[in-house]
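Have a look at the structure first, and then we'll go through it piece by piece.

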Amino acid sequence: MALLKITNIKKNFGDTKVLKGIDVEIEKGEVLAIIGSSGSGKTTLLRCINFLETPDSGDIYIDDELLYSAPKDNNLSEMQLRKKRLNFGLVFQSFNLFPQYNVLQNIMLAPKLLISDQIKEKTKVLKKNFWKAPFNTDVRIEYKNEKEKLNIQKNSSKQNIEENAIKILKRVGLEEKMDSYPCELSGGQCQRVAIARALALSPRILCFDEPTSALDPELTGEVLKVIKKLKDKDNTMIIVTHEMEFARNVADKILFMANGVVVEYGTPAEVFGNPKDDRTRSFLSKNEEMQTF
Amino acid sequence: MTFAYATQQLLVGFVVTLELFGLTLVCSLPLGLLVAFGSMSKFKIIKFFTKGIVWIVRGTPLLLQIIVVFYVPALLFDMSIDSRLLAVAIAFVINYSCYFSEIYRGGIEGIPKGQYEAGKVLGMTKRQIFIKIVMLQVIKRIVPPMSNEIITLVKDTSLARVISVIELNRAAEKLVNVYGILWPLFYAGVFYLVFNGILSILFSKIEKKLNYYQG
């Protein structure tokens, strides 16, 4: 059973057809690398999966359950989209850390907001029940008890969030930087924080949009190392990348895109060792040429 | 006329200046944000309506606007505004809301799209993104242009004299006219200078406070 199944995703920007019907499947714990030249639609596909773009048509399934069906779901409310989004995490090419928060706050912000929203919702229900019979002693006592419980829950989850954030920071090797602000970090460190931030919500599928394209070669290594470590922990990941060596070594499946269609899909050995399509061959040979410079 | 008498007269005027300044600031800071949202609205009607108002208000002299607010309702609808200070304040609030709105808009539109997208993929609501991510960054960006505008406001309050509100400058002019001496005007200038000096220090403190991060 596939963890994520995408069928026939199409997306146009005006008259330009960016995605012309993409099908992708990922098993749990699998790493999928999407490669292809610029403008082939890799990033758009990733953005569709994270609902930053709304596909014109196509379906997205998680665990064989229909999560999103375009165009039917294209006018879902922000609230409904938000729940669906939480299945995915996304790491951007340009990090997009929040500059006014330090590293730890960057990581804890979203989980904290999520918890406080949940508690608010529960308090709302409690209050509603209370106002049904505000003069009944039993109701009042129960209301008080429940509220107390919520308070305890709130405090303990806040503590959990912090412990979890520090744990994740250790995993990306930045625990000593937790009080630093993004402007004080190198690009590689920023990207590792961004990865930690995405991990803190424990998404089922973590997506990377050219995570090392804004970094110089020296810093690329430290980010790729972190991603590789995540693979060892059985995270399911989709990585859009131009790092061919990395894709070959880390990915379980390679998907080569050109002009908005999937040209080739298979294991690294199949795609790199024995490409079937001319377009794949020319793309890979051009890449190899680059390596020899 | 003694120096003490002049000081006392100018202080009375200065209180009116302060009232006008405070009232304008308190009302137009939030109203300006509302206007900014209006001019960025997805609904074309709201957008063009607000942009039209901003165009008119920024395109005509404040002096004229004061006169319009004070005289036009009385002439057209027989609705005279009793308090002259209130009339001036209304004109100022409208005028400064429009100027502030453009500063807000610049600040909000200057925030990179990636910040919103990062918030979205982290499951935040639009409201949370604005309050928790965008707002402080906007504030940091707009402090310098805002302080400029606010300092201009202090001096603009002297326009209130056009409908005989006796604010600081008008109080000085009265002394000049009655006693035939010029120095009370310069003395009033010192009041403006000192007050703006205090404001400048305040703004640079705020700027320093927000300097704990870059970008």
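Which residue just after H5(B) takes a positive phi? That's Gly123(B), with a phi of about 75°. Keep in mind as you read on that this is a predicted model.

Let's stay with H5(B) for a moment. Its buried residues are Ala118(B), Gly119(B), Lys120(B) and Val121(B). What do they pack against? Part of the answer lies in the other chain: helix H2 (78-85) and strand S6 (88-91) of chain A, together with H6 of chain B.

That brings us to the place where the chains touch. Chain B puts 19 residues into the contact, and chain A puts in 21 residues. On the chain B side, the elements that give two or more residues are helix H5 (113-121) and helix H6 (126-156). Sorted by class, that side of chain B has seven nonpolar, eight polar and four charged residues.

Now for chain A as a whole. It's built from nine helices and ten strands, and its C-alpha trace spans about 80 × 45 × 35 Å along the principal axes. Of its 293 residues, 39% count as buried. Take the contacts in chain A between residues at least 6 apart in sequence: 66% of them join residues at least 24 apart.

One detail of chain A to zoom in on is a hairpin. Strand S9 (residues 253-258) and strand S10 (residues 261-266) of chain A run antiparallel, joined by five bridges. Ala258(A) has Val261(A) in S10(A) as its bridge partner. There are two residues between the strands, and in this hairpin Asn259(A) takes a positive phi near 50°.

Back in chain B, there's a helix pair to look at. The axes of H7 (residues 168-179) and H8 (residues 183-209) of chain B come within 8 Å and cross at roughly 160°. An angle over 145 degrees counts as roughly antiparallel, and H7(B) and H8(B) are therefore roughly antiparallel to each other. Their crossing is right-handed. Here's who meets whom:

| Helix | Residue range | Residues in the contact |
|---|---|---|
| H7(B) | residues 168-179 | Leu168(B), Asn169(B), Ala172(B), Leu175(B), Val176(B) |
| H8(B) | residues 183-209 | Pro184(B), Leu185(B), Tyr187(B), Ala188(B), Phe191(B) |

By class, the contact of H7(B) with H8(B) has nine nonpolar residues, one polar and no charged ones.

Methods
Residues numbered from 1 in each chain as written. Chains lettered and ligands numbered in written order. Predicted model: local features only at pLDDT ≥ 70, side-chain atom pairs only at ≥ 80, totals over all residues. Contact = placed C-beta atoms within 7 Å. Helix = DSSP H or I, 4+ residues; strand = E, 2+ residues; numbered from the N terminus. Nonpolar A, V, L, I, M, F, W, Y, C, P; charged D, E, K, R; others polar. Buried ≥ 20, exposed ≤ 12 C-beta atoms within 10 Å, placed from the backbone. Pairing = 2+ DSSP bridges. Axes fitted to C-alpha atoms, helices over the stretch in contact; angles between N-to-C directions. Parallel < 35°, antiparallel > 145°, perpendicular 65-115°, else oblique. Left-handed = near helix turned anticlockwise from the far one by under 90°.
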